[in-house]
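Grab a pencil and work through these exercises with the structure open beside you. Try each task before you read its solution.

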Amino acid sequence: MATLLPPPSKKQKRAAQLPVEVDIVPKDLPNVLIKFQASDTGDSIGGSIRVPGNISERQLEELLNNLHKTSDDPVPYSFSLLGDKDDLVDIRDNLYTSVLKPGIKSTEDFLTLVYTPRAVFKVRPITRSSATISGHGSTILCSQFAPHTSSKMVTGAGDSTARVWDCNTQTIQHTLKGHTNWVLCVAWSPLGDVIATGSMDNTVRLWDPISGKPVGDALKGHGKWVSSLSWEPIHLVKVGSKPRLCSGSKDGTVKVWDTVARNAMYTMSGHSSSVACVKWSGSGVIYSGSHDKTIKGWKEGRCVATFRAHAHWINHLTLSTDFTMRVGEFQPGPNMTVNGNPSGAVTESSKAKVQEAFDKVSKIGGRYSERMVTASDDFTMYLWEPEVSDKPICRMTGHQKLVNHVSFSPDGRYIVSASFDNSVKLWDGRDGKFIATLRGHVSPVYQTAWSSDCRLLVSCSKDTTLKVWDIRTKKLMVDLPGHADEVYTVDWSVDGKKVISGGKDKKVRIWTH
């Protein structure tokens, strides 16, 4: 018997009567005058150019590559229209549908197109779980890939241990035993030669990832548990030296540790409640977000700035240069170096490489602009330019519950926030304007991780799934069920080949394409 389709509902009937929008570009569209302007330096190239009003994004890319004389080895670009109030409108598909049809500009206006180079390489979306590895005896709380390879990663758990895993053989390489309470945070040095772990036993420990042995004894000094760790950026370290480490604690202090002499160089106390998150910026300032509702900037042991705006405690903060600082000299790309730095000391070439990458990410319109976003229990986020002002650029509202995690895309173009209202929101990294809500999770979202080419995003949630989102279409790309319980931590490797996740089911999952 043939299956009969049910009659259309009232909603479907109403939708059928509405006028249908057809994307037809008029044939008699006049030409428009455009000018190309670089997003980082603000320099123009090629002067005024007359182009068809329906020119596509690909044709603009070809034209710009011809002007740059890079037609043989073309660079992919994304384009935005510079508005009257210096706001940017992204150009999708073609100039007509993005700019002229909505009435933002007419064909008689002079259009300034801001171009941003995109990653030359493409990260393939992960689609399957390639391994489920048991080992931890309790909930996995934190994880991180090595900066120089996707074959090594470290996890910290509630069983008082951290573990180094080999993702190629899908086995435990080392169990890092020494802590006497939960391991709350892990941080792999940007040189790739040391792992730092912070624990509820109030100590920080350093480990050699190759041998799995501790590097000296525990770093003691905090009065309560260590909640956050951050390494010193490579380009600020003297040649031949090793980067320092900063730690934030529930005792309200931030400490800077000399990882060679193994002592606390500075103890910075100014917060009246626990420190939730610390980040060491590329300009040398350490930013700490606290439960006392403030963010403080520290330099060489002194408090240089205090930022007040939030109405509740701060859960997380991120800097637009975070990714660049984390991966050090191992910047992602087709020619990415995958051998770790054997000496573990900073060289002239590694400093120059990181400085170049830092300049690229932190420059907007020819000036340095390292931006910071803070996420809070007051359901909002604030975008700051801490080097310029202690007043926020804008308040980012929209979440209906507390914001747990926030991160800049590797190129600093986008900000993504994860909230307990089951949603992930995408914002413009330059002015904090809302772009889209990524809906799909049915429980609180705990954490997100970017692919190094900024085209994809993965999020983990209490609903036991991971979801991969396409940033271009703002839609769900892949749904990844597999965990048996809440997923607390997720990370995407620098070369884009693997994703790791861990949570309440005590298992580490490795995901690949």
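**Exercise 1. Find which strands are included in what covers the buried residues of H2, and work out which residues of H2 are buried.**

Step 1. Look around the helix: the cover over its buried residues includes strand E1 (31–38), strand E2 (44–52), strand E3 (77–82) and strand E5 (110–117). Helices (H or I, at least four residues) and strands (E, at least two) are DSSP runs, numbered from the N terminus. Residues are numbered from 1 along each chain as its sequence is written. This is a predicted model, where local features need pLDDT of at least 70, side-chain atom pairs count only at pLDDT 80 or more, and totals for chains, interfaces and linings use all residues, while side-chain values use heavy atoms, with hydrogens and water left out.

Step 2. The buried residues in H2 are Glu57, Leu60, Glu61, Leu64 and Asn65. Buried means under 20% relative accessible area, exposed over 50%, and partly exposed in between (1.4 Å probe, protein chains only).

Step 3. Now look down the axis of H2: its buried residues fall within an arc of 135°, so they line one face of the helix. The arc is that of the directions from the helix axis to the C-beta atoms. An α-helix has 3.6 residues a turn, so residues three or four places apart point the same way.

**Exercise 2. Which residues is Ala449 in contact with, leaving aside its neighbours within four places in sequence?**

Step 1. Start in strand E32 (residues 445–450), where Ala449 lies. Ala449 counts as buried because its relative accessibility is 6%.

Step 2. With those neighbours set aside, Ala449 is in contact (heavy atoms within 4.5 Å) with Leu457, Val458, Val490, Asp491 and Trp492.

Step 3. Take Trp492 from that list. Trp492 is 43 residues from Ala449 along the chain, yet their C-alpha atoms are separated by 6.0 Å.

Step 4. Next take Asp491, which forms a salt bridge with Arg326, the closest N and O atoms being 3.0 Å apart. Here, too, distant parts of the chain are linked: Arg326 belongs to helix H4 (residues 322–327) and Asp491 to strand E36 (residues 487–492), 165 residues apart. At 7% relative accessibility, Asp491 is buried.

**Exercise 3. Is Ser350 buried or exposed?**

Step 1. Locate Ser350 in helix H5 (residues 348–362).

Step 2. The relative accessible area of Ser350 is 0%, so Ser350 is buried.

Step 3. Apart from neighbours within four places in sequence, Ser350 is in contact with Ile234 and Glu329.

Key. A salt bridge is a side-chain nitrogen of Lys or Arg within 4 Å of a carboxyl oxygen of Asp or Glu.
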